[in-house]
Amino acid sequence: MNAVSAQDAADPSQHPADVRCRAHKFGGSSLADAARIRRVADLMLDAPESVQVVVASAMQGVTDALIALAEAAANGADWRPGLDALRLRHREAAQALLGDDPAMDAWLDAQGAQLAELLSAVGLLRQPGRAALERIQGMGEVLSSRLLQAHLRQRGGDYAWLDAREVLRVRHGELGAIVDWDASAARLADWRRVHPQARVVATGFVAGDADGLPTVLGRNGSDYSGAIFAALFEAGELHIWTDVDGVLSADPRLVPEAVPLPAMSYQEACELAYFGAKVIHPQTMTPAIARGLPILIRNTFNPGFPGTRIDAEGDAGGPVKGLTLNTGLALVSLEGAGLIGVPGTAERVFAALHAARVSVVMISQGSSEHSICSVVREADADAARDVLLDAFSRELRSGQVQGVQVVPGISVLAAVGDGMAGTPGVAARLFDALARARVNIRAIAQGASERNISVAIAAADQARALRAAHAAFWLSPQTIALAVIGPGKVGAALLDQLQEALPRLRRDANIDLRLRALATSGRMWLCEHRDAAEWRTRMQDAPVATDLAALGAHLLDSHLPHAVVVDCSASDAVAAHYPDWLAAGIHVITPNKQAGAGPLARYEAIRAARARGGARFRYEATVGAGLPVISTLRDLLDTGDDLVAVDGILSGTLAWLFNKFDGSRPFSELVREAHALGYTEPDPRDDLSGTDVARKLVILAREAGLPVSLADVEVESLVPDALRDADRDGFMAGLPAMDAPMQARLEAARANGCVLRYVARLQRDGSAGVALRELPADHAFAHLRLTDNCVQFTTRRYRDNPLIVQGPGAGPEVTAAGVFSDLLRLCAALGARL
């Protein structure tokens, strides 16, 4: 039992036993060579239905090769080598499938001779007539279907071969091939009297016209043939076999996370097919809808997968079933004040375009009637402009119409789903997703059925737009391109936290963070990478000197809907790039205080770039590591409270020192211990100088709307004057010089019933200072845990009982967690399910 029959046995609901007759259509990729034809035969011989019709496409690439032969003949080029290659390909397939079969060899020779005669005629005329060209085009299906039928018969299957040119009768109209159902049914009945076999292999794509001359159903017409024969044979189902697992939610070449849809309605399939989904041809739906014929899209190479079922009901699912792109388009717009309120303008536009045989993909007109725009094929744009200029020449001369504008390089993104009807907010979600991905919408259209929303966008944005919309409707994870700068202590902890959390985030929160860049001060690694695994090894092999402008461009080149730079350095040079990144739409998350506390002009440039580019700038971890200090202040102010003062212990290092300093040990000994434990910076003066605390206070002041700079903060440095200019080793050796002064201050504080704490203070008038202060023994800062930060907000609402935020304020793990929290808050703002 092969894969199909095993799956049938395990899940009979996929192939109900009461389906007496099934039609199967196989595409060119399923019949590309002898091995694949043999696989198709395996599937069909094991299929359970008693009556079976198999419709075959040409072997992959053959139809294009035949068209190229006809063009070569018409141009006077030598077509014989190409014909010889095609003949050899089919003869080799026949030998592999049938062994020595003189009858098949003779038949193939006859077909080859017939094709050669046609090409010779085209070469003589230098102008292939439609009948000759269509006869040449259809030879691929004739050859492949005959090989399949012969192979099935050789393996014991009683299969007849049906040349559709003998049975199908069609005529060609503006909307494509139109089947003469009565004539076709009568001819099939005649054919069945001569060929009563229960199983049939038929040629796809080809048919006969009203006079019986060979014709074709158009490109992708084999799908249409499958639906036609399913209807003529009164099949219970049509299975269309291809090389994907069904109809996908989006083009997998642009959205690798696209998923197969288990079911959809005829109407959804029609919408997706029209707007460019390649799995099923729109004409295929017509016979199916008329007869209520279910269509199953299945994978020849994964037959155990149930595929996508298309029928009248579809399934519930979400409001949007899939998204698709129509590319290679242009926007043609007619504008003018004279159009307002004038009846018949749209009719004149469409009549002119119709006369020029320009197909309109999408239309949009504002309620003001000032303009009407049409989306057309880019190749037709110039013709559309010229015909409209001619049609409205009088209005152009009088100034009633200002002109006809053509914008090339347009794609149309369509969101499709039955569930959109009556569901509020679908358009809002689509537009919001595109806005967050920095995609500008040029035109909008929505059908009255509410089953489709289409937007015209720049072709350059199409991949990013499709991925953003796909994630917005939870058809795939919210995918974010991520760069981490400074994989030191905090950066390394963050990358390890990311690696541990990614599987859960993908599974539960629909977030996919893709690490695409790592950078130190000297080297960087740029690549497409899914997660943070093995980042240490990758950084060791990083071959590229750090170029922060190139890093930002690399993130944007990914075509992922969102890009984020996480700066875990303490570099002023990196902070200088924030305005450019934010203006380009790259979100920035950082614990680096250089931006928030650096030059006021740069801080204002960062805020302006954030507003202009629409990107987020998050920096909670710059003050209090993982504590919600900035967000608490922001919440107070945003809800209308008035700030009176902010007091805080904002250094975990200094908190530890003064929590431990009780006089039993010299202060210098505690500094050395803190340094050994990793609590201090490599040079402890960076902590003892108070500058780091002052920077945090500046960040809080600016968050409160006060234009404070670092120079405005009064800072008490604990570093003795004599040690400020020494090298680090000299400073460490000279530490005992601090002991006596610090002991004296401790004893003075105790005499006053107080404790010593290094405190930052900001007042509503903007005055700011950081200093070692005596605090009452019952003060909130007097009984903290060793490295705790503590921030006290005194406001109009919290004047008598200040609001306090307290917790660990130092350490790589805690700081990294604060950065990670900012990243997750950003993901939630971008539409992730958190």
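**Exercise 1.** Is aspartate 105 buried, partly exposed or exposed?

*Solution.* Start with the relative accessible area of aspartate 105, which is 25% in this predicted model. Next, recall the cut-offs: buried means under 20% and exposed means over 50%, with partly exposed in between. Aspartate 105 is therefore partly exposed.

**Exercise 2.** Find the salt-bridge partner of aspartate 105 and say where both residues sit.

*Solution.* Begin with the idea behind it: side chains of opposite charge can pair when their charged atoms come close. Here, the partner is arginine 91, with the closest N and O atoms 3.5 Å apart. Now place the two: arginine 91 belongs to helix 4 (residues 80–98), while aspartate 105 belongs to helix 5 (residues 102–125). They are 14 residues apart. Finally, check the accessibility of arginine 91: at 31%, arginine 91 is partly exposed.

**Exercise 3.** Arginine 685 and aspartate 683 also form a salt bridge. Are these two residues buried or exposed?

*Solution.* First look at the distance: the closest N and O atoms are 2.8 Å apart. Then take each residue in turn. Arginine 685 has a relative accessible area of 11%, so arginine 685 is buried. Aspartate 683, at 17%, counts as buried too.

**Exercise 4.** Which side chains make polar contacts with the side chain of asparagine 452?

*Solution.* Locate asparagine 452 in strand 18 (residues 452–458). One of its contacts goes to the side chain of glutamate 271, at 3.1 Å. Another goes to the side chain of serine 454, at 2.6 Å. To finish, note that asparagine 452 is buried, with a relative accessible area of 6%.

Terms used
Residues are numbered from 1 along each chain as its sequence is written. This is a predicted model: local features need pLDDT of at least 70, side-chain atom pairs count only at pLDDT 80 or more; totals for chains, interfaces and linings use all residues. Side-chain values use heavy atoms; hydrogens and water are left out. Helices (H or I, at least four residues) and strands (E, at least two) are DSSP runs, numbered from the N terminus. Buried means under 20% relative accessible area, exposed over 50%, partly exposed in between (1.4 Å probe, protein chains only). A polar contact is a pair of N or O atoms within 3.5 Å; within protein, one must be able to donate a hydrogen and the other to accept it, and residues adjacent in sequence count only if both atoms are side-chain atoms. A salt bridge is a side-chain nitrogen of Lys or Arg within 4 Å of a carboxyl oxygen of Asp or Glu.
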